[in-house]
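Q: I have just opened this entry and have not seen it before. Could you take me through the structure?

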Amino acid sequence: MKSDALRGHLDALLLATLDGRELHGYAIIEALQLRSGGALDLPTGTVYPALRRLERGGFVRSEWSTVSGRQRRTYKLTPSGERELANQRTAWREFTVAIEGVLGSGPWPAKA
């Protein structure tokens with residue numbers, strides 16, 4: 001998938017991946033790949049700066065933990081992040097309805 005297609009949606013994708021779970025950075029990347037059927041294969045250089053930006057914004061919090069004997073920073077949504085995710089999902093639904101109205105294969109409505 002072209003990176004231009006993701007522009008403006010990365011934060012929502014990361015928030016949705018963390019919805020109801022606590023994951024370390026690489027597990028977030030793997031979850032995005034899995035949930036997208038392999039279409040989203042984001043580099044760490046894209047994901048980690050976005051996670052830090054979301055943390056500075058108060059949408060996620062992180063802490064160090066031991067996973068399989070290794071120290072890893074794990075990320076979790078904050079209450080503010082949960083609200084932002086709900087807002088992002090609503091905005092996405094509105095966006096897709098509008099775009100489907102234009103790009104969809106149905107006939108154009110007749111002029112009034």
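A: The answers below cover the sheet, the helices and the core.

Q: What kind of model is this?
A: This is a predicted model, in which local features need pLDDT of at least 70, side-chain atom pairs count only at pLDDT 80 or more, and totals for chains, interfaces and linings use all residues. Residues are numbered from 1 along each chain as its sequence is written, and side-chain values use heavy atoms, with hydrogens and water left out.

Q: Let us begin with the sheet. What is the order of its strands?
A: The open sheet has 3 strands in the order β1-β3-β2, and their pairing is antiparallel. Strands here are DSSP runs of E of at least two residues, helices are DSSP runs of H or I of at least four, and both are numbered from the N terminus. Two strands pair if DSSP finds at least two bridges between them.

Q: And which strands are at the edges?
A: The edge strands are β1 (23–24) and β2, each of which pairs on one side only.

Q: How many bridges join β2 to β3?
A: Strand β2 (residues 60–67) and strand β3 (residues 70–77) are joined by 8 bridges and run antiparallel. R61 stands opposite K76 in β3, and T66 has Q71 as its bridge partner in that strand.

Q: What about the turn of that hairpin?
A: The hairpin of β2 and β3 has 2 residues between the strands, and S68 takes a positive phi near 55 degrees there.

Q: How many bridges join β1 to β3?
A: There are 2 bridges between β1 and β3, which run antiparallel. In this pairing L23 stands opposite Y75 in β3.

Q: Moving on to α2: which of its residues are buried?
A: Helix α2 is mostly covered, with 7 of its 9 residues buried. Those residues are L10, A12, L14, L15, A16, T17 and L18. Buried means under 20% relative accessible area, exposed over 50%, and partly exposed in between, with a 1.4 Å probe and protein chains only. After α2 comes G20, whose phi is positive, near 80 degrees.

Q: At what angle do α2 and α3 cross?
A: The axes of helix α2 (residues 10–18) and helix α3 (residues 25–35) come within 10 Å and cross at roughly 95 degrees. That makes α2 roughly perpendicular to α3. Angles under 35 degrees count as roughly parallel, over 145 as roughly antiparallel, 65 to 115 as roughly perpendicular, and the rest as oblique.

Q: Which residues meet there?
A: From α2, L13, L14, A16, T17 and L18 meet I28, A31, L32 and R35 in α3. Contact means heavy atoms within 4.5 Å.

Q: How do α2 and α4 pack?
A: Their axes are 10 Å apart, at an angle of about 80 degrees. The helices α2 and α4 are therefore roughly perpendicular to each other. L10, D11, L14, L15 and L18 in α2 meet T46, V47, A50, L51, R53 and L54 in α4.

Q: You mention L54. Is it buried or exposed?
A: L54, which lies in helix α4, counts as buried because its relative accessibility is 3%. Not counting residues up to four places away in sequence, L54 touches D11, L14, L15, F59 and V60.

Q: Finally, how many residues are in the largest nonpolar core?
A: The largest nonpolar core has 21 residues, and L14, L18, I28, V47, L51 and V60 have the most contacts inside it. The largest share of this core, 5 residues, comes from α2. A nonpolar core is a set of buried Ala, Val, Leu, Ile, Met, Phe, Trp, Tyr and Cys residues joined through side-chain atoms within 4.5 Å.

Technical notes
Axes fitted to C-alpha atoms, helices over the stretch in contact; angles between N-to-C directions.
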